Amino acid sequence: MKQPSMLMDRVMYALLVPAMFISLYLIFIWSPIEKQMGASQKIFYFHVGTAWVAFLAFFVVGYYCVLTLKKPTESRFINAGISAEIGVIFTTITLISGMIWGKSAWNTWWTWEPRLVTVLILLFIYIAYLFIRKMDGAWERIAKLSAVFGIIGCINVPIVFMAIRWWNTKLHPVVFGEGKNQSGGGVEPEMLLTLLFSLGTITLLYVFLMRKGIEIEKMRLTVKKAKSKVIEKLAS
């Protein structure tokens, strides 16, 4: 009889693969081409989706970091670390896709506008968080110290989201809300459906990667503990 976790992974994989192909169809074939930016606007769906998952991943990190400060456990430490690793990957993809989009929209690969700067700071915070987790020392002390950085990064997430509203940047577009009235430019119904489906697909990808990452890390720790016991027996 198959274990529930293995069965769940197979179900998620069976859903994820067709969802990815459907997303690609919706993005490149079904959704209309934007009038001003043309075909280059298609990167919008990947850019927003990866940004959303990056934010979600860092909120998960923040959640487990708060729990870790209260009571460090191996499970909480692993969950926070795996989510942070996924978040760093998706934040990097967000920055790269944003640069490609910026070249098309602003004719420049990079500009020091609020949204880009705050995302870059967020990336550096979580890279620092991952480095701190690898430090030598007592496990509980490292867990609590890294948790502080994880929480700081989580607090930075809403700052990233609100940056273009608070500082009234003219470069980065506001699609779903601008200023006090939050009246953004909006999108066509077909574009909105494509965006929502893409968001759902990339979120499912995050959940799948999170589950597999946790499973692999637990296996690694189990092997590490077994090797330590063997070494101790040989030494004695």
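**View 1. Asp-9, Arg-211, Lys-212 and Glu-215 are joined in a network of salt bridges.** A salt bridge is a side-chain nitrogen of Lys or Arg within 4 Å of a carboxyl oxygen of Asp or Glu. This is a predicted model, in which local features need pLDDT of at least 70 and side-chain atom pairs count only at pLDDT 80 or more, while totals for chains, interfaces and linings use all residues. Residues are numbered from 1 along each chain as its sequence is written, and side-chain values use heavy atoms, with hydrogens and water left out.

**View 2. Arg-211 and Asp-9 form a salt bridge, with N and O 2.8 Å apart.** This pair links distant parts of the chain, since Arg-211 lies in helix α6 (residues 189–235) and Asp-9 in helix α1, 202 residues apart. Helices (H or I, at least four residues) and strands (E, at least two) are DSSP runs, numbered from the N terminus. Asp-9 is buried at 8% relative accessibility, whereas Arg-211 is partly exposed at 30%. Buried means under 20% relative accessible area, exposed over 50%, and partly exposed in between (1.4 Å probe, protein chains only).

**View 3. Glu-215 forms a salt bridge with Lys-212.** The closest N and O atoms of Glu-215 and Lys-212 are 3.3 Å apart. Because Glu-215 and Lys-212 are three residues apart in helix α6, about one helical turn separates them. Glu-215 is partly exposed, at 35% relative accessible area, and Lys-212 is partly exposed at 26%.

**View 4. Lys-225 and Glu-74 meet in a salt bridge of 3.0 Å, N to O.** Here too the pair links distant parts of the chain: Lys-225 belongs to helix α6 and Glu-74 to helix α3 (residues 74–106), 151 residues apart. Lys-225 is partly exposed, with a relative accessible area of 46%; Glu-74 is also partly exposed, at 36%. A search of the whole structure finds five salt bridges.

View 5. A disulfide is counted when a pair of cysteine sulfur atoms lies within 2.5 Å. Cys-65 is buried, with a relative accessible area of 2%, and Cys-154 is buried at 14%. The count of disulfides by this rule is zero.

**View 6. Phe-21, Leu-24, Tyr-25, Phe-28, Ile-29, Trp-30, Phe-46 and Leu-193 make a nonpolar surface patch of about 840 Å².** Patches are made of residues with over 30% relative accessible area and no salt bridge; like charges are joined within 9 Å, and nonpolar side chains (Val, Leu, Ile, Met, Phe, Trp, Tyr) within 5 Å. Accessible areas come from the Shrake-Rupley method with a 1.4 Å probe, and for residues only the protein chains shown count as cover. Helix α1 (residues 4–30) gives the most to this patch, with six residues. Tyr-25 lies in helix α1 and is partly exposed at 42% relative accessibility.

**View 7. Residues 114–132 and 191–210 are among the spans that an unreviewed UniProt entry annotates as "transmembrane region".** Such annotations may be inferred rather than shown by experiment, and their positions are given in the numbering used here, with feature names shortened. Residues 114–132 are 100% helix and 0% strand, with end C-alpha atoms 27 Å apart. Residues 191–210 are 100% helix and 0% strand, with end C-alpha atoms 28 Å apart.
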